[in-house]
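Please open the model in your viewer and keep the whole chain selected to begin with.

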Amino acid sequence: TLDVTGATSLKSTLAVVGASSLASTVEVSGATTLKSTLDVSGASSLAATLVVDGATGLGSTLSVAGHTALLSSAHVTGALRVAGNTYADASFTGTGHARLQSTLAVVGASDLHSTLRVRGTANLESELTVDGETLLRSALTSLGPHHISHRVTVVNETELQDELTVHGSTMLKSTLAVDGATSLKSSATVDGATTLQSTLDV
């Protein structure tokens, strides 16, 4: 046994063949090289940067209290759960299923290259612009006025439960059937033959 009560200074290499047990702090001023495994059973505290050149495997939870910066790609094979706000300053690419249990707020423009499916109610607080064809498989209910600048083609029956006001000319290429009373406040011009199956009261 070597028992030293004061400070010890070694000016050359210290080689220990067997196990070493240190009951207190070890302070190393220079670089430390470990050629084998470092096993720490207690907590570890690093006051500066930790640089790892090779792969890092964590067998349990990684908790980071401060800011985390990833300078390259991050690959997650399992579920990724974020409890707080998530900000993406650049492009975000997801090849698998993405599920958001709360609000998705997008400040800039959104470009979707495939189908957008909404199972619940969709509220649009501004204009909706559609450059291509629009297909509605069910009823369309509108509570406000409609302004249509171009041609509208309706293949099947159309039912209007209120007044229809047309400011321009109207052309019907087939029969017009009116079940109720019809009031014309101006002249009516008919180019072809007119058939009345009942009385005409003038």
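The stops below follow that order.

Begin with the whole chain, bearing in mind that this is a predicted model. If you colour by secondary structure, there are 0 helices and 0 strands to pick out. The radius of gyration of the chain is 39 Å, well over the 17 Å that the globule rule gives for 202 residues, so the chain is more spread out than a compact globule.

Next, switch to a surface view of the chain. Of its 202 residues, 0% count as buried, and the chain exposes about 23200 Å², with 50% of that area supplied by carbon and sulfur atoms.

Now select the charged side chains, where you will find 10 positive and 17 negative charges, whose mean positions lie 10 Å apart.

Finally, select L10, L14 and V16, which form a nonpolar patch on the surface and together have about 310 Å² of accessible area. Within this selection, centre on L14: is it buried or exposed? L14 has a relative accessible area of 60%, and because exposed means over 50%, L14 counts as exposed.

Technical notes
Residues numbered from 1 in each chain as written. Predicted model: local features only at pLDDT ≥ 70, side-chain atom pairs only at ≥ 80, totals over all residues. Heavy atoms only, no water. Helix = DSSP H or I, 4+ residues; strand = E, 2+ residues; numbered from the N terminus. Rg over C-alpha atoms; globule rule 2.2 N^0.38 Å. Buried < 20%, exposed > 50% of the residue type's maximum accessible area, 1.4 Å probe, protein only. Areas by Shrake-Rupley, 256 points an atom, 1.4 Å probe, with all protein chains shown as cover. Lys, Arg positive; Asp, Glu negative; His and termini not counted. Charge placed at Lys NZ, Arg CZ, Asp CG, Glu CD. Patch = residues over 30% accessible without salt bridge, like charges linked within 9 Å, V, L, I, M, F, W, Y side chains within 5 Å. Salt bridge = Lys/Arg side-chain N within 4 Å of Asp/Glu carboxyl O.
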